[in-house]
Amino acid sequence: MKNLFPALLASSASLIAAMPAQAEVQLEVMHHWVAESEAAALNVVREALAAKGYGWQDSAVGGQSGGNMQQALRSRLASGNPPGAMQFIGWEGIDWSAEGVMRELNALDEANGWEAAIAPQVLPFVKNGDDLIAAPINMHRQNWVWANKAAFDKAGIEQPGTWAELIEDGAKLREVGVIPLAMGDEPWQIQVIFDALVADIGGPEFYNKALVELDPEALSSDTMKQVFDTLRQVRGLVDDGFTGRDWAVASGMVINGQAGMQIMGDWAKGEFLAKGLKPGEDFLCFATPSETPSFQWLIDSFGMFKVTDPEVTKAQDALAEVVMGPKVQHDFNLIKGSIPARTDLPVDDFDDCAKKGFEDRAIAIENGAMLGASTHGFASQPQFATVFGDVVAQFFVNDMASEDAVQMLVSGIDNAR
Amino acid sequence: MTRKKSFSDRLADWLPRLVMAPSLLVILVGVYLFIAWTGWISLSSSRMVPQYDFVGLEQYYRLWATPRWHTAVANLFIFSALFLAVTIGVGLVMAILLDQNIRAEGALRAVYLYPMALSFIVTGTAWKWILNPDLGIQKVVNGLGWESFVFNWITQPKFAIYTIVIAAVWQSSGFAMAIFLAGLRGIDNSVIKAAQIEGATLPRIYASIIVPMLRPAFLSVTVLLSYIAIKNFDLVLAMTNGGPGNATEVPSTFMFSATFRRNQMGVGAASAMMMLMTVAAIIIPYLYSELKESRDGQ
């Protein structure tokens, strides 16, 4: 017993001695990118940061779509020891900024003219008032359809122009023994389809009213009921083994021709490309069908916490410059499967789907169809956005009437206020 | 005649208290202080970060107006009741059968105990695949020629919670068996012999003498399984992740998602307090009656 204290001292001393001598300032970056392609993409950032003379101290907390990372961050902030920088999605950056723990990057923004390069619809998620608080690195599009070309040919169908056509095509795919639509039963996967339906059936204005402004009239409108009616038809395109199916497994089903289509963000493209499939030849990528095609986007951005060490602040500046650097944005997104958050970069060497996304984005910015992806927290605050997830997931797996779903939506949103 | 206590005597008196003090302090702070803190948060308007204001029972109203919470509470009761009953039943029967001086008892015991060595994440993932109609039991049976066989509970919102019971029973009944077996071995053989001389049949001996004598084992098993049931989180997460359509939500998964994913820390805290009160309402009277009896009785 009496030996315990010296032993503890000795062991902690040896721990300190075991730490490497710090040749450079290390910037701790907290993120939830743990998948292989994500880690590879991050390497681009890490190397660019090293070229500026700063080390990258990796602090990856995966799991629960970033839920675990949020938990870790809360305890770090509570103990007054925030990481240097962190990856944000949705309102996270703005919410933490409102708590006064984020630093602004205005000087860098003015010196480099970043704001002009960012799509105006994205700004509310990286600017708190007049302060730029996060540097966006990429942009994903959520409302893509990924289709197996061979399966489409076998069923004798082409890219559908409306949801009604898509559902009819599903029946033709089933006739030739192909599961029309591959997906999992996770609420967010169902919500991705719901988001697409809201914008495709109701139009961009309705999307903003219902999913962003949470207008009770829009939520209980006939258009919303029509959205649920169509979602019910979409359920008929899905096989029964969809319980607990990962989105990547669903992509695999389209890749090997077991299923015809998947409705998923462009992170799914990585799965197709990794198997050596060529866009246009082996697989098709097109926006969810609509007369008013929308671009439902989500971004990842890096925000910087207020720290006392001026050296770390310099390292934060360096990271922000790296993230917004045209070359890093280009190389990072080439690996990650997304497109650069900056709208002013050439994308000639990207694949056809990414180029199409880039074109669609330019058009969508023009005619007001740039919509924040509700599923990924770029529409309403999480306490509301998750209500949509709850309701559509219950609707999808149960035998629920559209009227009841709409009712649940209205009361659920009301309760979360 | 009084003698002045020597230093070593006094040390001997104080040493247990000194040694216990740090752990007592850790428990006071780490458990009770945080229970109180959670209680306080549940009465505040906290959303993303703790707020130290007071809004009365608003978060509790909000909690009970959330359909997901009703599902979670119903699931907790369905799961706990079935899990406890079936695990205790299966464990007891296995213990009694193993207690019949059979061959290779040690090996069999290890076989039944082994699932306990797995984490719930492993159990959940394995059972997710076993119960998936396109991969597991249904596919195998269909492949054997019974085409119309259907076992797709895990895809049915109304039945999914029972699949979680199946996995949990599989994991824990060996553990219940081990405790019952220890209890059975502790029973004096002479009691059984006396009963046999009186002409009692074996089932009668088990029902009227041995099982009632296992009461302490029942207490341990019930308490341990109850808290496994209530803290059940990883199994649900691995098996169904609360799905299909929130049908297998339990209070612990509700609490985690409210607090850390939905910016509703106040609602999360309120749900944690509801869980605490539920546990207290069931366990305290049970412990009280069991412990009181043993103090008075034996």
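Trp146(A) stands opposite Gln262(A) in β9(A). This is a predicted model, in which local features need pLDDT of at least 70 and side-chain atom pairs count only at pLDDT 80 or more, while totals for chains, interfaces and linings use all residues. Residues are numbered from 1 along each chain as its sequence is written, and chains are lettered from A in the order in which they are written.

Let's start with the strands. Helices (H or I, at least four residues) and strands (E, at least two) are DSSP runs, numbered from the N terminus. Two strands pair if DSSP finds at least two bridges between them; β7(A) and β9(A) do so in the antiparallel sense, over four bridges. They belong to an open sheet of four strands in chain A, ordered β8-β9-β7-β10 with mixed pairing. At its edges stand β8(A) and β10(A), each with a single partner strand, so one side of each has no neighbour in the sheet.

| Strand | Residues |
|---|---|
| β7(A) | 144-148 |
| β8(A) | 179-181 |
| β9(A) | 259-264 |
| β10(A) | 283-287 |

Over in chain B, Ile210(B) lies in helix α9 (residues 202-213). Beyond its neighbours within four places in sequence, Ile210(B) is in contact with Leu184(B), Ile187(B) and Ile205(B), contact being C-beta atoms, placed from the backbone, within 7 Å. The C-alpha atoms of Ile210(B) and Ile187(B) are separated by 7.6 Å, with the two residues 23 apart along the chain.

Conventions: Contact = placed C-beta atoms within 7 Å.
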